[in-house]
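Biologist: Let's go through this one together. Could you put the sequence and the structure up for us?

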Amino acid sequence: MSLDPETLEQLRDTVRRFVSERLMPLEQQVGETDQIPVDILKEMRALGLFGLSIPTEYGGLGLSMFEEVQIAFELGRTSPAFRSTFGTNISIGSQGIIIDGTDEQKNHYLPKLASGEIIGSFALTEPGSGSDAASIRTTATRDGDDYIINGVKRFITNAPEAGLFTVFARTSPPQTGASGISAVLVPADTPGLHVGPADKKMGQQGAHTADVTFDNCRVSKQALLGGAEGIGFKTAMKVLDRGRIHIGAVCVGLAERLIGDALNYALDREQFGQPIAEFQLVQAMLAESKTEAFAARCMVEESARRRDAGVPVITESSCCKFYCSEMVGRVADRAVQIHGGAGYMADYGVERFYRDVRLFRIYEGTSQIQQLVIARNMIREARSDQ
Ligand code: COS
């Protein structure tokens, strides 16, 4: 479903104001306390942020991909930890159910995810399985009408807050590779599921990750996502394709924020008798950042349009994730440079963003995995044309 342009504009305005008036003033506090205030979570729920991309029949706003990236551009303009709070509900924590879930699974979980009553989390990565996602070792072994899950998941976003985990596990051991993997929906209060202490991270304080351990964790066979074994790896890849466009949009929003901050600083700060914005070497950094952020914005919008039109966007999603995450890294680096010594000090916030953006090049698939996906698809297409 698509919103009419006026409604989309209203939603964008509302989110823009929420970001500027409510979230930006709390950036430093969240960076220092590692906690999102409870009243902010309530406001996020009231605004419908937890259900942005969940279909309207399940209580979400049902945004198209193009609409979602418009909102993600706005959400990107502040500390990424705020978006991360509901990011898993609109992306990797709900999309598996939306894309491949049974009607029963959709009816049971999507309304709760859309309202923010529960947090959804995506449990793929393991201590021995990161980029090589098909090498996971967690098992879900059939026992009568149940599955028994054993294994360890690592760096799981929102695990400490989650009410529901989409767990990727091997249902046909000892079979290796992607085809033996299934996805299982596991409520957080299932006996045998343990969430470890929150990880200490370089940045993105306020967003939490942790280990999740499954110790003979028993769920009914109805928990098997889509009701079929062996489709879990493809579900994970489809979820990530979508998530990577969304992350690209968040990177664009944050780059635009940093460019604005750097420009304001350069106009204000005087050296050699004039604002440093008058110096061409500073102008070059501003111009490069502006150009790259604009290119990234166009790329994200076009990829979202293509996805909405039903065109396969595996390559485009990886292009977005790769380019936008690398781009925001360069922009953050230049923003620190333009701020000079002040850029290295905690008071200005730009060093916090510099640490925050580092994650974008790693999670939901490293830059190197995106390059691999892009090149593999190029080669495959060239061979099929021969
Ligand atoms: N959509 C649908 N199906 C897909 C797909 C996609 N985007 N990507 C792969 N598949 C399918 C393939 O077509 C193949 O199906 P068949 O066996 O029927 O031919 C199957 O899935 C296995 O794919 P492939 O052979 O490409 O798997 P690989 O093990 O070679 O690796 C990569 C694929 C590297 C792309 C994958 O492991 C990956 O994305 N890794 C990064 C994981 C990641 O992002 N982790 C972040 C943590 S989660 S927040």
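Biologist: By class, how many residues of the shell around the ligand are nonpolar, polar and charged?

Modeller: First, this is a predicted model, where local features need pLDDT of at least 70 and side-chain atom pairs count only at pLDDT 80 or more, while totals for chains, interfaces and linings use all residues. Residues are numbered from 1 along each chain as its sequence is written, and side-chain values use heavy atoms, with hydrogens and water left out. Ala, Val, Leu, Ile, Met, Phe, Trp, Tyr, Cys and Pro count as nonpolar, Asp, Glu, Lys and Arg as charged, and the others, Gly among them, as polar. Sorted that way, the shell has 11 nonpolar, four polar and six charged residues.

Biologist: Which element gives the most residues to that shell?

Modeller: Helices here are DSSP runs (H or I, at least four residues) and strands are E runs of at least two, numbered from the N terminus. Two elements give two or more residues to the shell, α8 (232-268) and α12 (367-385). The top giver, with seven residues, is α8.

Biologist: How far is an oxygen atom of the ligand from an N or O atom in the side chain of R376?

Modeller: A polar contact is a pair of N or O atoms within 3.5 Å. D241 has a polar side-chain atom 2.8 Å from a ligand nitrogen. For R376, the distance to a ligand oxygen is 2.5 Å.

Biologist: What share of the protein chain's residues count as buried?

Modeller: Buried means under 20% relative accessible area (1.4 Å probe, protein chains only). Of the chain's 386 residues, the buried share is 54%.

How values were computed:
Polar contact = N/O pair within 3.5 Å; in protein donor to acceptor, adjacent residues only side chain to side chain. Buried < 20%, exposed > 50% of the residue type's maximum accessible area, 1.4 Å probe, protein only.
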